[in-house]
Amino acid sequence: YEIDFADSSVSLRIKEFTSTLGHRRIIIPTETTFNINVVESVVDMSFEGKTQCELSWDFQGSSPILQVTSVGHSPANATHENKHQVSLLIPPLRQGRFNFHVSSVGGIQITQAVTSRENREGLYDWKFFNAIVSPDDSSGERMMNVIHDKRTMQKVLQIVKLINSDLEQILRHLLTQIWKCKDILDQEGVSDPAHLIPGHKMARFASLFLCGDDTQTHEIRPIIARVTAGDGLDVVKAKELLRKYVHAYDNWAPEIDRAVRWIDVLLGPMVAPQPYVENHVPALSELPCFAKQLAGVPSAKHLYAQLLDRRGLSLDPAFSNMVSRVAPYMTFRQIEYILSVRLPTDWQPSDLRRLRYVYSVKKKVLAISESYGGLSFLPQSFLVSVFVGEATRASLRASGGSHRKRHKEEQLLWPSLSQKTTSTLSSLRKRRMAAPKTSSSHNSSVDNDFIMMSPASRVASKVDFVDNAGNKLGTTESKNIDGSISETSQHNSEHYELGDSLLGPCDVAILLQAGLASSLKSSTVVQLNQRMLLDLMASQPTSFALAVLAEIGTPGGQGSIRSLTSALMALLELDQSSFTEIHRLNMHTLLEEWLSGLKIPRREDYLAGGRWARQSYYEAVFGVAKDILDDAECYMALKSHIQRVRHQKEEDPIPIPKELESLSADMGINIDEVFEGSDVQNEKYSDAIATAKTKISIADQAGQNIMLEVLKDEKQAKQSEKYQKAIDLYREAFDSCAAVLTLDNLAFHSPWFKSFFRRNYDALMVKSVHDNIVNNDDHVRKWLDALQKGVSESHASSESISHHTLPHESMDHSINVDSTSPGSTKHQRPTIVVSDAAAEYHVASSGSHCPGLFLEPEEHAEQEIVDGIIDLIFYDENERKTIRQDPLVRLLISNPPGKYDFTIVSAMGVITEGSKGTELAAALHRLEGERGVKTIRADTGNARSFEYNASKIEQAVEKAVELRQP
């Protein structure tokens with residue numbers, strides 16, 4: 001069904017309204033009006049669609065009034081002299097109108113706000129309200145402008161003073177310091193705080209802020225330098241400066257000392273863990289202890305193989321049922337692929353319905369996964385309640401044949417009820433009326449009140465129902481993959497217990513977190529949502545509840561004990577005020593029943609007077625969270641077993657190129673498995689390798705012959721045929737290497753190939769920087785000039801002696817390209833030797849130390865610039881020496897002209913602004929113009945989970961696929 005609210009409207013006109021709370025009262029002006037017009041709104045069971053409404057208000061030019069009198073008196077009865085009052089709104093906010101959009105997951109976005117009768121945009125336009133409700137990238141700047149608006153802040157201070165005078169003093173002091181910072185930044189001409197990063201600017205700003213002038217800059221600079229060097233904060237000097245220039249230091253000495261020491265810990269050095277290498281690290285699902293439990297569960301590799309096999313025939317009924325059974329434990333992408341790779345007629349009808357429902361559930365949960373909590377999603381709980389109610393009800397009734405025993409037990413208890421014709425809430429009401437007596441050793445009042453308990457209540461109160469024959473009912477059976485009931489519990493079972501819920505552990509975890517993060521935790525809707533999820537967890541095997549808690553602590557698959565600790569603390573303090581006392585859950589008992597062997601800490605034991613008052617409640621819960629993640633390793637093994645395809649195992653040999661036959665024979669590897677093909681193909685491959693090596697050697701010889709002429713007179717050398725011939729020979733060598741790689745995509749592991757590839761990489765790096773200097777791109781000239789100035793004269797002169805002078809004995813002009821034997825696994829740079837003329841040229845040029853070399857490249861020789869680039873961008877002395885002697889670097893060979901057929905996906909937004917980032921913007925724009933290479937920026941974000949950023953990268957890859965380029 002669906003309900004359409006479009007073109008609906010609600011109007012409210014207030015004739016007189018006051019609200020009193022103790023000694024405070026708010027008075028709303030007479031004839032105040034509020035209007036809500038629904039532009040578009042459809043609510044349906046598919047949980048799709050959006051809502052757009054227009055909200056307008058008019059206080060008729062007046063402002064609501066806050067009145068405060070002394071404690072114990074009423075503002076209505078107090079005399080004028082004994083009460084104080086202040087208007088709550090400034091004039092621009094006393095009348096306005098804006099549109100707000102509610103997304104399908106309950107997210108709010110405000111647009112088109114007008115807060116003045118003249119319909120003018122200003123400081124308090126729609127962006128102001130959107131910055132409060134749904135902050136975006138520009139919200140920070142907007143709120144800072146509001147804070148710097150002294151008229152508004154004075155009004156806020158007046159209101160806070162009537163509520164709490166001490167709080168008003170603290171807020172006034174903070175605002176004064178913020179305004180002072182703003183004045184200093186304006187005075188220094190700094191528009192962005194990020195421009196204060198250089199140490200000397202930071203020291204000057206701190207001096208101006210503390211003492212009003214720059215006299216302490218020289219004292220503050222060493223403190224900042226020590227922090228930036230990673231040596232931590234100088235606590236003594238910092239406290240001396242604060243004691244000297246902060247007037248309130250003596251009054252707040254303990255608090256300031258604690259804050260300084262906290263900053264010292266934050267900025268102080270830390271011991272980095274020593275690196276270690278584990279030789280054998282198999283996946284969890286491959287460990288013998290877990291592999292035995294997962295023996296009956298199909299792996300992702302097995303599932304895909306079966307789905308792709310004999311696609312013209314229907315699936316085996318047993319396999320169809322098995323896939324539908326494990327579907328809730330899969331990812332949304334997996335379910336989407338499974339439904340697309342097979343025709344609907346290939347599945348069993350009941351299994352297809354279950355798969356489609358799981359697909360819809362995961363699609364909706366995926367939309368909620370990164371969109372919950374705070375004012376931005378205030379109405380989310382009301383929209384989610386429809387979805388949660390339907391999903392949990394469907395999960396409780398979706399078991400079919402595997403639940404016949406449970407249905408039979410319920411019919412013994414309540415024979416007049418049928419879940420197929422009544423809703424969950426209706427069934428619960430009827431069961432409460434007709435519930436039999438229960439037996440409980442923990443709460444005798446339950447027997448007297450004949451209360452029917454939900455699954456979670458049953459587990460939390462440890463109640464066991466019995467039938468007429470005296471058999472216990474209501475317990476959760478242990479099920480195998482085929483739906484049969486196991487004889488033992490999970491701890492003694494040889495197989496992992498799979499739940500039969502349509503919501504997987506990850507789905508339930510996300511919905512639970514959305515409720516815990518809701519800003520309306522005390523609302524009945526949120527509490528009902530949480531109870532339905534807890535009931536669903538209680539109706540499944542205990543392994544399901546453990547899996548849900550593990551999912552909360554493993555966002556994106558990375559264990560986070562702290563996030564699970566926070567969730568556990570919120571779950572233990574779950575608001576249940578909407579339930580009667582007898583229907584409230586004992587969350588400690590419930591979790592202890594789910595987590596066998598773990599004792600859940602109680603907050604009251606850690607408060608003053610408690611048995612553990614001297615210990616930390618957080619650390620106690622943290623320990624429980626750690627134990628939960630340790631116990632959930634079997635679920636993590638199941639998750640990776642079902643969701644990830646492993647093409648290779650830990651013990652499989654590392655793929656190697658066919659050329660390394662002798663090495664592979666020593667390792668016991670069958671070379672025919674490494675390179676499949678006939679003898680003709682093997683011979684062709686060997687010939688390609690020999691040709692490539694020969695052409696590299698010939699090209700290096702030609703390059704060496706022309707390099708001396710290039711160093712002496714580059715203009716004349718470039719006009720000679722030998723110069724172009726050397727470049728052509730290198731291009732032929734490139735093509736030969738590409739041909740080898742076509743025959744064997746692992747050929748780049750060969751030492752000779754790897755060596756030549758590295759030489760090309762370094763040569764192209766030097767070529768790229770050289771072109772940027774000549775074309776004056778991206779401030780490269782300034783960058784290299786700054787690097788050049790950063791090198792001291794003494795260091796530069798010592799380096800000139802150490803690596804610019806070469807041995808002066810006779811050297812031939814050969815290049816030893818294949819410096820390592822074919823069977824060697826150690827990679828080294830090739831040994832390139834040149835004549836004395838090359839060494840003498842570099843010593844004479846001293847390009848890297850010539851002032852203005854990079855700022856005025858047209859005044860210097862090309863090879864002089866190349867020498868300067870090599871000296872600055874390569875650190876190792878021997879590497880600089882080798883690169884300088886390489887003709888491949890000296891010839892400055894560029895990539896072939898034309899358009900390239902590939903796409904770049906950038907994820908640099910992890911530390912900046914995602915898809916709106918500007919990193920390398922100019923360079924990427926040139927790349928697209930010259931080479932036709934497009935760049936797609938993934939909308940990744942800082943402080944986001946690995947799973948979120950990975951999903952954004954996947955979306956960027958999908959966009960790249962749409963371009964039909966690699």
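User: How many residues does helix α4 have, and how far does α4 reach from its first C-alpha to its last?
Analyst: This is a predicted model, where local features need pLDDT of at least 70, side-chain atom pairs count only at pLDDT 80 or more, and totals for chains, interfaces and linings use all residues. Residues are numbered from 1 along each chain as its sequence is written, and side-chain values use heavy atoms, with hydrogens and water left out. Helix α4 (residues 165-188) has 24 residues and reaches 35 Å, close to the 34 Å expected at 1.5 Å a residue.

User: Which residues of α4 are buried?
Analyst: E168, L175, W179, I184 and L185 are buried, that is, under 20% relative accessible area with a 1.4 Å probe, protein chains only.

User: What do they pack against?
Analyst: The buried residues of α4 pack against α2 (139-147), α3 (150-163) and α5 (199-211).

User: And what follows α4?
Analyst: G189 does, with a positive phi near 75 degrees.

User: New topic: where is K239, and is K239 buried or exposed?
Analyst: K239 lies in helix α7 (residues 235-245). K239 counts as buried because its relative accessibility is 15%.

User: Which side chain does K239 join in a polar contact?
Analyst: The side chain of D257 does so, at 2.4 Å; a polar contact is a pair of N or O atoms within 3.5 Å, where, within protein, one must be able to donate a hydrogen and the other to accept it, and residues adjacent in sequence count only if both atoms are side-chain atoms.

Definitions and conventions: Helices (H or I, at least four residues) and strands (E, at least two) are DSSP runs, numbered from the N terminus. Buried means under 20% relative accessible area, exposed over 50%, partly exposed in between (1.4 Å probe, protein chains only). The expected span of a helix is 1.5 Å times one less than its number of residues. Contact means heavy atoms within 4.5 Å.
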